[in-house]
Amino acid sequence: MKYKKIESEREIVFIIYDVIEVRIPKKVYYRFARKYSDKDIITYCPHKNVYNAITKRRLYYIAEENDIPIIGHTAFGLIDRGTNLIQVRPCTGCNLNCIFCSVDEGKSKTRVTDYMVDIDYLVKKFKEIADYKREKCGDIRIEAHIDGQGEPFLYPYIKELIKRLHEIADIVSTQTNGTLLTSKDIGELEKYLDRINLSINSLDERKASLLAGDPSYNLNHVVNLAKEIANSEIDLLLAPVWLPGYNDEDIREIVKFGKEIGAGKKWKALGIQKYIRYKFGRNPKGVKPMSFKRFYQELEKMGKGLRLYPKDFGIVKCREIPRKFKVGERLRVKIEMHGRIRGEMLAFARDRVIQITNTNKEVGDFVDVEIVRNKHNIYVAKEIK
Ligand code: SF4
């Protein structure tokens, strides 16, 4: 375990892998330190507070031993949307603050909690879903797609995760903003990773920083990384978000850049994303989102093959894992964890996470709820008052 130890006025602070921040009151730490090693104190001390060192939000570390399900929520764990692609979400939290971020990541006004899932647990459950799909859908190619509400390369075990998913899935792909990846990583991951979807929103340094919401954003690094990926065994898909009025010309330049460097050898080179206004996302002032109709028309004008279809990525329908609750079902649950935003709490039942919205209940409280959403095994419930 790689960690730094800092002594503050009242606490001993451990920063593990530059991401996980464990805070222990000094008195408690010195009592435990008489008998135990730092590693044991970090792991077993019951009086610790855990945060994400980047976002400074409270962080839940989810391991199988904690009896916390990893299916049911969009922020962490696994999502099966009824195809051969299984989304793998190892953690939340981002090192950037993109001004259009749909999940208000980085320094956030709305997000109050981060989650990180233990690698053994994630891989074990991924295999269970992959086995189910292979049994139900016969000869299909399973894709593990690592994405999430944040930057996957902040996950301390990301390389090991990619390698282990490669042993189970036929294709392993990931999204990233590219800022934390190095050429050494590309060399190391070449044999295990099939595709990288790289977010890059402008080739102009000033504008790229503005869009990333980070004055220290290193565009040069991301551009060089794109070239290195394109020259490696890993396929490259450039995935800019088109923010009308901000990066219209830049999108055309990115399309040209993708062609020049040889992105998309196996799949598509470009995955231009339409900016969508979300209630709990970051929505820059003055941006008028395009309609889907206009967006597709503009893509067609820009060049051939820029509109994407599931078949471009070999995505086919395949039986979804069984749902555990029906919409309208009522049940009594215990609140177990804080949700991602204020007023949202999480409960667990039948090996699924249930997100309870608009509640002022606390952890430990019991509450009667009604399931209002169950699509793709993502469960949302409202309190019955
Ligand atoms: S890189 Fe992605 S997750 Fe991070 S702030 Fe930007 S849009 Fe949000």
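Predicted model: local features only at pLDDT ≥ 70, side-chain atom pairs only at ≥ 80, totals over all residues.
Two strands are taken to pair if DSSP finds at least two bridges between them.

Strand S15, spanning residues 330-338, is joined to strand S16, residues 345-349, by 3 bridges, and the two strands run antiparallel. Within this pairing, His-338 has Met-345 of S16 as its bridge partner. The two strands form a hairpin in which 6 residues lie between S15 and S16. In the turn, Gly-343 adopts a positive phi of about 85 degrees. Strand S15 is also joined to strand S18, residues 366-373, through 5 bridges, again in an antiparallel arrangement. In that pairing, Lys-334 stands opposite Phe-366 of S18.

Helix packing was examined for H3, residues 119-137, and H4, residues 158-168, whose axes come within 10 Å and cross at roughly 20 degrees. Because angles under 35 degrees count as roughly parallel, H3 is classed as roughly parallel to H4. The crossing of the two helices is right-handed. On the H3 side, the contact is made by Ile-119, Leu-122, Val-123, Phe-126, Lys-127 and Ala-130, and on the H4 side by Glu-160, Leu-161, Arg-164, Leu-165 and Ile-168. These contact residues comprise 8 nonpolar and 3 charged residues, with no polar ones.

Glu-205 belongs to helix H6, which covers residues 205-212. Glu-205 is partly exposed, as 13 other C-beta atoms lie within 10 Å. Between Glu-205 and Gly-314, the separation is 109 residues in sequence and 35 Å in space, taken from C-alpha to C-alpha.

Conventions:
Residues numbered from 1 in each chain as written. Helix = DSSP H or I, 4+ residues; strand = E, 2+ residues; numbered from the N terminus. Buried ≥ 20, exposed ≤ 12 C-beta atoms within 10 Å, placed from the backbone. Axes fitted to C-alpha atoms, helices over the stretch in contact; angles between N-to-C directions. Parallel < 35°, antiparallel > 145°, perpendicular 65-115°, else oblique. Left-handed = near helix turned anticlockwise from the far one by under 90°. Contact = placed C-beta atoms within 7 Å. Nonpolar A, V, L, I, M, F, W, Y, C, P; charged D, E, K, R; others polar.
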